[in-house]
Amino acid sequence: MTTIPTFGSVDGLMLAIMREFFEPRPDVHIGSLYSAGLNPPMVIVRRERRSGTPSIDSTDDRYIQAAIVSVNTITAGADADELGEQLQEACRIAIREAQQNQKVVPGFGVISKITNSVEPSRVADWATSTGQVQYASLPKGSVRYEAVYRLLIRPPDQALVHNPFMPSR
């Protein structure tokens, strides 16, 4: 049996935060992957590994985990640019409120610190030198905005973490 805390899924933490925040807006799709057939507006949030975007240093990685998270918003229509910026702002507020209120997401953890690494901006969706991007097949008229956040995350109550590869506690 280990005494080192087990961390929950960063994607699970971020999805739970976004789903709760956008609960009054069921028209906003919240997910961790984009797939054809989804209708805007949508928020795609996931943990990333990005070169040139170092995570925040953790003084003790046994009890604090660093994570880089991308928040992509996809909107459509005549006001897609404006809606994309507004949806990104709503996402920023969701993340910041979760951190400031120290919202504990059972089984996943709590955001201890946030540093915005890349401010929200419109991004092009075509292949790059590193390969095709996930969003290359967005429907015509759709606009994608992206922001990147660096987070420090504290582990959840250990009794609520489900990891089938860890011995039971």
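Hi everyone, and thanks for coming. Please keep in mind as we go that this is a predicted model.

Let's start with the overall layout. The protein chain has two helices and five strands.

Next, the helices. Two packed helices are described by the angle between their axes and the distance between the axes. Here we have helix H1, residues 10–21, and helix H2, residues 80–100, packing at an angle of about 115° with their axes 10 Å apart. H1 and H2 are therefore roughly perpendicular to each other, given that 65 to 115 degrees counts as such. The crossing of H1 past H2 is right-handed.

So which residues of H1 and H2 meet? From H1 we have Met 14, Ile 17, Met 18 and Phe 21, and on the H2 side they meet Ala 90, Cys 91, Ile 93, Ala 94, Ile 95, Glu 97 and Ala 98. Sorted by class, this contact has ten nonpolar residues, one charged and no polar.

You'll find Val 71 in strand S3, which covers residues 65–76. Is Val 71 buried or exposed? Val 71 is buried, because its relative accessible area is 0%, and the cut-off for buried is under 20%. Leaving out neighbours within four places in sequence, Val 71 is in contact with residues including Val 43, Ile 44 and Val 45, with Gln 88, Cys 91 and Ile 95, and with Tyr 145, Glu 146, Ala 147 and Tyr 149. Take Tyr 145 as an example: Val 71 and Tyr 145 are 74 residues apart in sequence, yet 8.2 Å apart in space, C-alpha to C-alpha.

My last stop is Ser 142, in strand S5, residues 142–154. With a relative accessible area of 15%, Ser 142 is buried too. Beyond its neighbours within four places in sequence, Ser 142 is in contact with Pro 40, Ile 74, Thr 75 and Ala 76.

That's my tour, and I'm happy to take questions!

Terms used. Residues are numbered from 1 along each chain as its sequence is written. This is a predicted model: local features need pLDDT of at least 70, side-chain atom pairs count only at pLDDT 80 or more; totals for chains, interfaces and linings use all residues. Side-chain values use heavy atoms; hydrogens and water are left out. Helices (H or I, at least four residues) and strands (E, at least two) are DSSP runs, numbered from the N terminus. Buried means under 20% relative accessible area, exposed over 50%, partly exposed in between (1.4 Å probe, protein chains only). Contact means heavy atoms within 4.5 Å. Axes are lines fitted to C-alpha atoms, for helices over the stretch in contact, and angles run from 0 to 180 degrees between N-to-C directions. Angles under 35 degrees count as roughly parallel, over 145 as roughly antiparallel, 65 to 115 as roughly perpendicular and the rest as oblique. A crossing is left-handed if the near helix is turned anticlockwise from the far one by less than a right angle, and right-handed if clockwise. Ala, Val, Leu, Ile, Met, Phe, Trp, Tyr, Cys and Pro count as nonpolar, Asp, Glu, Lys and Arg as charged, and the others, Gly among them, as polar.
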